[in-house]
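Let's take a friendly walk through this structure together. Have the sequence and the 3D view at hand as you read.

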Amino acid sequence: MTDEFNTALPSIRQLQTFIKDSTEVEVKLSTSDLVVGKVRWQDANCLCVVDHYDQPTIIWKQAIVFIKPKLA
């Protein structure tokens with residue numbers, strides 16, 4: 001995995017929009033876990049999702065199956 005952070009990629013831009021808009025998301029992991037919360041930040045390797053208890057979870061991007069906005 002490269003350490004380059006390419007902000008031209010649509011996936012990076014979409015995550016930046018989730019961060020900017022404080023969109024609640026569901027993150028499905030390769031372990032079948034589901035993490036729900038708001039994306040606080042991302043870098044080239046990881047992203048941080050903060051749940052409704054204000055607890056951060058740092059997730060390696062290679063462990064992500066999908067990310068989608070949580071429906072109301």
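A residue is called buried when its relative accessible area is under 20%, exposed when over 50%, and partly exposed in between, using a 1.4 Å probe and protein chains only. Please keep in mind that this is a predicted model, in which local features need pLDDT of at least 70, side-chain atom pairs count only at pLDDT 80 or more, and totals for chains, interfaces and linings use all residues. Residues are numbered from 1 along each chain as its sequence is written, and side-chain values use heavy atoms, leaving out hydrogens and water.

With that scale, look at Ser32, which counts as exposed at 53% relative accessibility. Ser32 sits in the loop between β1 and β2; strands (E, at least two residues) and helices (H or I, at least four) are DSSP runs numbered from the N terminus. Although Ser32 is not a glycine, its phi is positive, about 80 degrees.

Now move to the loop between β3 and β4 (56–60), where you will find Asp54. Asp54, also not a glycine, has a positive phi near 65 degrees. With a relative accessible area of 53%, Asp54 is exposed.

Next, turn to the interior. A nonpolar core is a set of buried Ala, Val, Leu, Ile, Met, Phe, Trp, Tyr and Cys residues joined through side-chain atoms within 4.5 Å. The largest one here has 10 residues, among them Leu15, Phe18, Val39 and Ile59. Two or more residues each come from α1 (10–21), β1 (24–29), β2 (34–42) and β3 (46–50), and β1 gives the largest share, 3 residues.

Finally, which residues does Ile59 contact, leaving aside its neighbours within four places in sequence? Taking contact as heavy atoms within 4.5 Å, the partners of Ile59 are Val27, Leu29, Val35, Asn45, Cys46, Leu47, Val49 and Ile64.
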